[in-house]
Amino acid sequence: MAIDINLAVEPDEAAAGAGYPAFADSDRGASAGDDDAFDADDLDDVLAGYAVHVQNVPKTSSLSDVTALLQGPLSARGLGSVFCYRVSDSVVAVELESQAALDVALALSGTMLTPPQVGMVKIPGEAVTIVPAPL
């Protein structure tokens, strides 16, 4: 039994032949002239956003611990959420939503970050330093 595969078929023709509607290129998403397209200017806005580095994070602390440290005061003031990721063993980057959130985060510098107790073992905390993230 031989199978004939025609590689010259255009994707729209193949879709239409399979019972799927054929879409024009303009229906496929953002094009070069589309205002919704993500471009270099948008990337600059993202990179110039509001971010801090939390330094001196103990190795025993998780990203959830850092998130909880910042999310509580920010949520109480209605300043949005945070997104955390590790930069190194002792530094966590935190992306914020506004200048007000950045100000609140910076004010938390010197706060003790204590990991949760594991069974009967209490893990000592460490004072973290919160600084603006370098661009």
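A residue is taken here as buried when its relative accessible area is under 20%, as exposed when that area is over 50%, and as partly exposed in between. In the predicted model, V87 has a relative accessible area of 47% and is therefore partly exposed. This residue is placed in the loop between β2 (83–86) and β3 (92–96), and together with F83 and Y85 it forms a nonpolar patch on the surface, for which the accessible area of the three residues together is about 290 Å².

V87 is also one of the residues in contact with H53 when the neighbours of H53 within four places in sequence are left aside. H53 itself belongs to strand β1, which spans residues 50–55, and with a relative accessibility of 15% it counts as buried, because this value falls under the 20% cut-off. Besides V87, the contacts of H53 include V91, V92 and A93, as well as T129, I130, V131, P132, A133 and P134.

With regard to the overall fold, the protein comprises 4 helices and 6 strands, which are arranged along the sequence in the pattern α-α-β-α-β-β-α-β-β-β. Among contacts between residues at least 6 apart in sequence, 57% join residues that are at least 24 apart. Of the 135 residues of the protein, 23% count as buried, H53 being one of the residues in this class. The protein exposes about 9,200 Å², and carbon and sulfur atoms supply 57% of this area.

Conventions: Residues numbered from 1 in each chain as written. Predicted model: local features only at pLDDT ≥ 70, side-chain atom pairs only at ≥ 80, totals over all residues. Heavy atoms only, no water. Helix = DSSP H or I, 4+ residues; strand = E, 2+ residues; numbered from the N terminus. Buried < 20%, exposed > 50% of the residue type's maximum accessible area, 1.4 Å probe, protein only. Contact = heavy atoms within 4.5 Å. Areas by Shrake-Rupley, 256 points an atom, 1.4 Å probe, with all protein chains shown as cover. Patch = residues over 30% accessible without salt bridge, like charges linked within 9 Å, V, L, I, M, F, W, Y side chains within 5 Å. Salt bridge = Lys/Arg side-chain N within 4 Å of Asp/Glu carboxyl O.
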